[in-house]
Amino acid sequence: MGIAQKEKDCEKCMRYSNPLEEPMRVWICAWILALPWITPQLCAQSTASLPRTADGKLDLNGIWQAMNTADWDLETHGSVPGPVSSLGAIGAVPPGEGVVEGGTIPYLPAAAARQKENYQRRWTDDPEIKCFMPGLPRATYLPYPFQIVQGANTILITYAYAGAVRTVRMGHPGKSPTDSWMGWSVGHWEGDTLVIDVTSFNDQTWFDRAGNFHSDALHVVERYTPRGPDILDYEASIEDPKVFSRPWKIGMPLYRHVEKNAHLMEYQCIPYAEDVLYGHLRRAEGGSK
Amino acid sequence: MSLRLIGVLAVAAWIPTSAQNGVPRAADGHPDLSGVWTNKTVTPFERPRDLAGKEFFTEQEAAEYEKTHVFDVDKRDNIRGTNRDVASAYNSFWWDPGTKVAKTRRTSIVIDPPDGRIPPLTAERQKQLQEMAEARRRRCEKPGCEPENSGQLGPADGPEDRPLMERCLSFGNAAPMVSSAYNNNYEIVQTPGFVGIDIEMVHQMRRIPIDQTPHLPSHVREWVGDSRGHWEGDTLVVDTTNFNNLESFRGSDENLHLI
């Protein structure tokens with residue numbers, strides 16, 4: 001195994017290490033380079049042994065889910081009460097460490113103010129309340145599973161939430177016919193990493209329940225890299241010059257549902273959101289609305 | 001009876017006649033169904049009474065039928081100022097139901113029973129549907145009520161009274177997948193253990209595991225049902241159950257078993 005490959009393995013292995021662990025990371029990497037025969041055992045499992053599709057690509061088929069509180073807030077957050085006190089601990093917001101590289105989202109000043117307003121109105125304005133399509137990257141870390149259906153030219157990603165689905169066209173040269181909630185996804189492989197470039201979003205989705213948001217200039221590049229048969233490293237680069245002062249990134253592991261009977265079930269939430277959206281139009285008893 | 005009827009229908013709608021020979025194959029040897037498909041057609045779902053006993057059109061009859069059955073929404077006589085005029089105000093630009101009969105030149109999408117007609121509903125179900133229609137009619141005794149394009153009566157007391165189409169819940173063409181007024185497009189992605197069908201109309205998703213696991217317990221109900229697939233030769237057979245009681249295919253209830 002050459003040095004370049006070892007460095008690559010090492011980088012893969014350490015991608016999500018905490019910045020505070022930097023000295024440890026340097027030490028481990030040095031050790032790996034010194035002891036090449038240990039590398040495959042120490043680092044992320046070598047991808048050579050992972051299952052592959054007939055066309056030689058990594059086989060990402062399966063049901064996946066994030067295990068974090070990113071949908072509550074991409075940034076680190078403590079617990080706070082929920083909007084319905086009668087729900088007690090069920091309805092409260094759980095704490096969680098952030099998934100934003102560097103810790104904070106680099107908003108432009110006006111956008112930072114807008115995010116604060118969104119936060120104040122989050123229990124009424126969050127599109128998730130309305131069962132709207134989640135957009136990206138939010139669909140990935142909603143607290144529900146999703147399934148990758150990997151064809152050679154087309155990959156379907158189908159999400160339990162709201163029956164959201166998107167088509168990832170591999171190497172497609174065409175332009176999006178229109179803006180949409182889930183955007184226009186074009187994929188390619190970089191080695192064993194599935195890279196999906198997503199554009200043509202509308203400005204109607206949020207990134208989380210804390211009011212983090214974007215405009216229709218959003219550009220997301222997702223990277224799905226296996227660190228073993230049942231864990232994917234997920235990284236999303238986010239660019240939106242109308243809202244952020246620079247591009248920024250989130251990263252998190254995604255875990256495979258390994259249960260024998262794992263199936264994606266239907267979470268059709270439209271009927272649960274109709275009263276929120278249209279309840280004010282409901283005919284009162286004996287009324288004339 | 002209805003179970004078998006619908007099963008044959010799904011195959012008729014899905015496997016083009018040319019698919020029996022020289023089909024592209026997936027690496028596991030099964031036919032490769034991947035791609036974007038359409039089933040739009042002017043072939044009537046049930047065989048019209050005046051074609052009784054005639055299973056196939058001749059080439060000439062098919063051409064004649066296509067000419068006389070082009071869907072021309074612009075000719076509809078909506079009355080200005082009515083609910084229907086607003087709700088049905090799409091002109092033909094928005095519609096895409098097809099202009100051709102099925103390649104087999106069958107005179108109905110229903111191929112079994114051989115008369116091309118849906119067997120009658122049970123007396124019990126007919127009574128149930130009549131009661132539901134009566135409830136809608138009573139609601140429509142309130143001022144301003146008239147039938148809309150979907151046949152549903154309006155206005156509604158609340159959102160749950162509106163048609164499933166308007167609520168973006170279902171256009172009734174996901175399970176089974178039957179031709180309707182527009183968006184008759186389906187993207188199939190196939191893997192050795194799973195087939196996904198993304199339905200263009202309100203992005204309903206058919207999720208079809210090719211495995212031996214049992215269906216969901218009967219108290220769990222889904223809008224597009226719970227599907228399991230298996231291969232019989234070159235035919236993908238999909239068995240779907242666990243429908244809810246709000247969706248109905250031609251009068252079916254939640255016990256619809258679609259093969």
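This report walks through a predicted model with chains A and B, from confidence to strands to the interface.

## Ground rules and confidence

Residues count from 1 along each chain as its sequence is written, while chains are lettered from A and ligands numbered from 1 in the order in which they are written. Since the model is predicted, local features need pLDDT of at least 70 and side-chain atom pairs count only at pLDDT 80 or more, but totals for chains, interfaces and linings use all residues.

The overall scores are ipTM 0.87 and pTM 0.86. For chain B, the average pLDDT (the predictor's confidence in each residue, from 0 to 100) is 84, with 80% of the residues at 70 or above. The stretch to watch is residues 1-20 of chain B, where pLDDT is below 50. Even so, that stretch has 32 contacts in the model beyond near neighbours in sequence; a contact is two residues whose C-beta atoms, placed from the backbone, lie within 7 Å.

## The barrel in chain A

Chain A holds a barrel closed by nine strands in the order 1-2-3-4-5-6-7-8-9, with mixed pairing. Strands here are DSSP runs of E, at least two residues, and helices are runs of H or I, at least four residues, both numbered from the N terminus. Two strands pair if DSSP finds at least two bridges between them. Ignoring direction, neighbouring strands of this sheet are turned by 30° against each other on average; the axes are lines fitted to C-alpha atoms, and angles run from 0 to 180 degrees between N-to-C directions.

Strand 1 (residues 62-66) of chain A pairs antiparallel with strand 2 of chain A through three bridges, and A:I63 sits opposite A:Q147 there. Strand 1 of chain A also runs antiparallel to strand 9 of chain A, again over three bridges, with A:Q65 facing A:Y255. Buried means 20 or more other C-beta atoms within 10 Å of the residue's own, exposed means 12 or fewer, and partly exposed is in between, with C-beta atoms placed from the backbone.

Next along, strand 8 (residues 231-239) and strand 9 (residues 248-256) of chain A are antiparallel and share eight bridges. One pairing to look up is A:Y234 with A:M252.

## Chain B at a glance

Chain B has four helices and eight strands, and its pattern along the sequence reads α-β-α-α-α-β-β-β-β-β-β-β. Of its 259 residues, 24% are buried. Among contacts in chain B with a separation of 6 or more, 59% link residues 24 or more positions apart.

## Where the chains meet

At the interface, 22 residues of chain A are in contact with 26 residues of chain B. On the chain A side, strand 2 (146-150), strand 3 (154-159), strand 4 (165-170) and helix 8 (270-278) each give two or more residues. Helix 8 of chain A gives the largest share, four residues. By class, this side has eight nonpolar, ten polar and four charged residues; Ala, Val, Leu, Ile, Met, Phe, Trp, Tyr, Cys and Pro count as nonpolar, Asp, Glu, Lys and Arg as charged, and the others, Gly among them, as polar.

B:S34 counts as partly exposed because 19 other C-beta atoms lie within 10 Å. Not counting residues up to four places away in sequence, B:S34 touches A:G151, A:T154, B:I188, B:V189 and B:Q190. The C-alpha atoms of B:S34 and B:E187 are 7.4 Å apart, although 153 residues separate the two along the chain.
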